[in-house]
Amino acid sequence: MMAVPRCDADLAGVIWAKTSKEAPIMPTPMSEGADYDLAIVGGGFLGLNTALHGARLGLKVGLFEGGTVGSGASGRNGGIAPPHYPGALRPSDVSAVLGRRKGEALAEIVTTGGRFIFDQIRELGIDCDAEQNGWIQPAHSPKALAKVRAVYDDWKAHGAEVEWVDADYLRSELGAAGYLGGWRHPTGGALNPLANCRGLARAAQKAGAAIHERAPVTAIARDGDGITLTAGGMRCRARKAFLATNGYTDGLWPGLAGTIIPLRLFQTFTEPLPEAMRESILPSRQCFTDIRKSGGFCRWDSAGRIMSGCVHFALGDGHARGVRHTRMRLMELYPQLADAKLEFYWEGYCALRPDFIPNFQILDKDIYALIGFSTRAVCLGQTMGKVAAEFLAERRDLDDIPLSVSTLDPVPRQAFRRMGTRVIYPYFRALDRWGLT
Ligand SMILES: Cc1cc2nc3c(=O)[nH]c(=O)nc-3n(C[C@H](O)[C@H](O)[C@H](O)COP(=O)(O)OP(=O)(O)OC[C@H]3O[C@@H](n4cnc5c(N)ncnc54)[C@H](O)[C@@H]3O)c2cc1C
C-alpha cells in the first residue's frame, strides 16, 4: 500500500512562500459544536473559490485545511494559467466523453477561465504578481505540429479567442529554439499561486466564511438530518459537505483516493538572471506549455528567474535527476542558461483521471467530491469552485455541472497506474527525444 501524499504546511523550498506579497492569513479559530450550511475539506484553488462564492451566495461556510491555505498543489504549482485542457486534449474530445451539451458548457468555462481568474484577482485586489500577457502552446516536433494545429482548429470552431502563430513569431516571442508553430490564448498568463490562494482566503473570510488551518478532517459521516465532521480534534455539524482534496486525497472517505491517480511533479527556478539575458528570453513576458511528455514550459517570476519542471522519477535520487532534467531542458530551449544556477527545487502532487477531466462524485446524501484536475487548475480549479458553490447553494442543478457526475468512481487498475506514474519519466523522455510526441 503506497502512502497518501501529505503536504508540508510551511511550503519549505517553494519559491512562492519566499516571494508572496500576500501575507499568510489569520485563520479563523475553531469552536467545538460549530454548525455550518457547508463544510469544505481542502484549502486549494477549488475549496477556496467554493468558500468565497458559497459565502457570497449566503451560505454559512466552514473550510477545513489540514495544512495551511495553498499548501497542497495550489500554492506549489508553476502558476501558469492556460485557458485550455491538458496537452493536446481538444474540446471535441471532451464532448465525446461528456456529451455535447456538457462538453460545450465546459469548453466555454475553460476558454474564458483566464478572464475569470485575472478579473477576480483585480476585483479582490489580490497582490499575486499576476501578468495576463498571454499563454502559448508551441509545437516542438512535426508530430506535435499536427496535434497542436488540430487543437487550435477545434478551439477556433468553438469560437474561442485563439490565434495561430508561426515559427518566426515563436522564435522572437519565446526566444526558444526549435518550435515549428503553435497557438496563443491572449487571456492566459502567470501569477504567484500561493499569493493568489492567500488573497482568495482573505476575501472568503471577508465574505463571512470561516477558514480553519492545520485542521485535518479525520472523520465525516451522515448523522440524522445533517453531517458530523471531526476536524483538528473538534466536532462540528454541517448541512452539506464538499471534498476538494485532489492529489492530497487521504483515507477520509473510504475509496475516494482510489478514484484518482496521484502524480508527483517537481518545479525548479533559476537564480535571477542578468538584465541583458532577460531580453533574449520571453521578451514580452508571455508564458508557454508545449506538449512534450517530459515537460516543456517556461515563465518568468517577478524577479527575473526562469521556471522549469517535470514528472518526478521515483527510482534512485529523484531530486538529482530532476535537477539534471532541468539543466537538459533549459539547455535545449535556452543555451544561454548553461551557467545559470538553480535556486529553487520543490515537489507536489496533482491528480489524474483516466480521461484527464475532473469528475464530480456523490459520496452520500449531501456529501460531494470534485477531484482529478490533472495539471490544469490555476484556471479550471477556480472556475469550478464557483460552479460548485452555485450547485451547493441550490442556484444550479446537478445536471448543469459540466462534468461527469457519478457515485464513487474508482480508476480501474489504480495501483498499477499509480506505480506507473512513478517510473514513467525515462519512457516519456525517450518518446520526446524520438519525436513521437
Ligand atoms: C508541481 C506542480 C505544478 C503544477 N503546475 C500547474 C500550472 O502551472 N498550471 C496549472 O493550471 N496547474 C498546475 N498544476 C496543477 C494544479 O496545481 C492542481 O491541479 C490544483 O492546484 C488542484 O487544486 P485543488 O484545490 O483541487 O487541490 P489542492 O490545491 O491540492 O488542495 C487540496 C488540499 O486538501 C487538503 N486536504 C487533503 N485531505 C485533507 C483532510 N482530510 N482534511 C483537511 N484538508 C485536507 C490538502 O492539505 C490540500 O491543501 C501543478 C501541480 C503541481 C503539483
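This is a predicted model: local features need pLDDT of at least 70, side-chain atom pairs count only at pLDDT 80 or more; totals for chains, interfaces and linings use all residues.
View 1. The ligand is surrounded by 41 residues, each with its C-beta atom, placed from the backbone, within 6 Å of it. The closest are G42, G44, G72, N77 and G78. Helices (H or I, at least four residues) and strands (E, at least two) are DSSP runs, numbered from the N terminus. By class, the shell has 18 nonpolar, 19 polar and 4 charged residues. Asp, Glu, Lys and Arg count as charged; Ala, Val, Leu, Ile, Met, Phe, Trp, Tyr, Cys and Pro as nonpolar; the others, Gly among them, as polar.

Residue numbers start from 1 along each chain as its sequence is written. Local features need pLDDT of at least 70, side-chain atom pairs count only at pLDDT 80 or more, and totals for chains, interfaces and linings use all residues.

**View 2. An open sheet of 5 strands.** The order is β5-β6-β4-β13-β14, with mixed pairing. Two strands pair if DSSP finds at least two bridges between them. β5 (163-166) and β14 (297-298) stand at the edges with a single partner strand each, so one side of each has no neighbour in the sheet. β5 pairs with β6 (residues 181-185) in the antiparallel sense over 4 bridges. Here V165 stands opposite G182 of β6.

**View 3. Helices α2 and α8.** The axes, lines fitted to C-alpha atoms over the stretch in contact, come within 9 Å and cross at roughly 25 degrees. That makes α2 roughly parallel to α8 (angles under 35 degrees). The contact, with C-beta atoms placed from the backbone within 7 Å, includes F45 and L48 of α2 and C197 and L200 of α8.

Notes: Axes are lines fitted to C-alpha atoms, for helices over the stretch in contact, and angles run from 0 to 180 degrees between N-to-C directions. Angles under 35 degrees count as roughly parallel, over 145 as roughly antiparallel, 65 to 115 as roughly perpendicular and the rest as oblique. Two residues are in contact if their C-beta atoms, placed from the backbone, lie within 7 Å.
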